[in-house]
Amino acid sequence: MLLSIERPDEPRVIRLIGEIDISNAEEVSTVVEGDLQSDGDLVLDLTGLAFIDSTGIQVLVDSARRLEGRGRLLLKGAGEPIRRVLALVGLPLLSNVVLE
Amino acid sequence: MTNLTAGPDVPVVRSFRAHPSALHEVRDFVRNLVQGQRFPTGAVDDMVLAVSEAAANVIVHTNSAMIELVARAGHTQIEIQVRDTGVFRRRLPMPELDGHGRGVPLMMAVTDEMDIKLGTPHRPGTVVRLVKYRDP
């Protein structure tokens, strides 16, 4: 499997393990949808994320926009290559995004 | 395993199915190729991303059945061309609609040279040329 999407016991935490590209970005979108409909911070654990492309980044951007005014998008554990790409597209500049 | 020692006059050529599930293979191929040419990690990641984006565009925007990568490595740079056989459906980028608007700017941001020759009905076959210098 190119991507594993896991939900640990804590609420509003989603773990993304593997690679996100056009083949599975929509799957990520579908999984976060439930949490986006209610208020509060959403944590995406990116510790195991090895690759993300522009369609995957778009899912993160859309998620942040949906949460605006209702919660933050907390991106945790991203490795250096992922951090670099996210910074390149300006994702951390969104007011409710925290890239840890 | 293909001989991945690409030289400037001896390109490595490899074809992939133009299907989303093939992107992973494309990335692995590029990673092995660029690592084999002793580029640093950051440069490897950049080329993997750039080629993946170009390949994704073939899949999304053309009717091509195949994606062909042509890689040429030299002393100063590595060049990978992403070629297809289709016709690019020209339209204005609408990132709000399909989320693919960031692909081309991203390719530009992570490569040292990039150009795109769009396929037309009279001259089909888009070619995206991506170059990474050894010394940035």
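The model is predicted, so local features need pLDDT of at least 70 and side-chain atom pairs count only at pLDDT 80 or more, while totals for chains, interfaces and linings use all residues. Residues are numbered from 1 along each chain as its sequence is written, chains are lettered from A and ligands numbered from 1 in the order in which they are written, and side-chain values use heavy atoms, with hydrogens and water left out.

Let's start with the sheet. In chain B, five strands make an open sheet with antiparallel pairing, in the order E1-E2-E3-E5-E4. Strands here are DSSP runs (E, at least two residues) and helices are too (H or I, at least four), numbered from the N terminus; two strands pair if DSSP finds at least two bridges between them. At the edges sit E1 (12–17) and E4 (113–117) of chain B, each pairing on one side only. On average, neighbouring strands of this sheet are turned by 15 degrees against each other, direction ignored.

Now zoom in on E3(B). Strand E2 (residues 66–73) of chain B and strand E3 (residues 77–84) of chain B are joined by seven bridges in the antiparallel sense, and the two form a hairpin with three residues between them. Along that pairing, Ala71(B) has Ile80(B) as its bridge partner, and Ile67(B) stands opposite Asp84(B). E3(B) is also linked to E5(B) by seven bridges, again antiparallel; there, Gln77(B) is partnered with Tyr133(B). Of the eight residues in E3(B), six are buried (under 20% relative accessible area, with exposed over 50% and partly exposed in between, using a 1.4 Å probe and protein chains only).

Next, the helices. H2(B) lies across E2, E3 and E5 (127–133) of chain B, at about 175 degrees to E5(B), while H4(B) lies across E4 and E5 of chain B, at about 145 degrees to E4(B). Angles run from 0 to 180 degrees between N-to-C directions, with axes fitted to C-alpha atoms, for helices over the stretch in contact; contact means heavy atoms within 4.5 Å.

How do the two helices meet? H2 (residues 41–61) and H4 (residues 103–110) of chain B pack at about 155 degrees, with their axes 9 Å apart. That makes H2(B) roughly antiparallel to H4(B) (over 145 degrees; under 35 is roughly parallel, 65 to 115 roughly perpendicular and the rest oblique). Residues in this contact include Leu49(B) and Ala50(B) from H2(B), and Leu106(B) and Met107(B) from H4(B).
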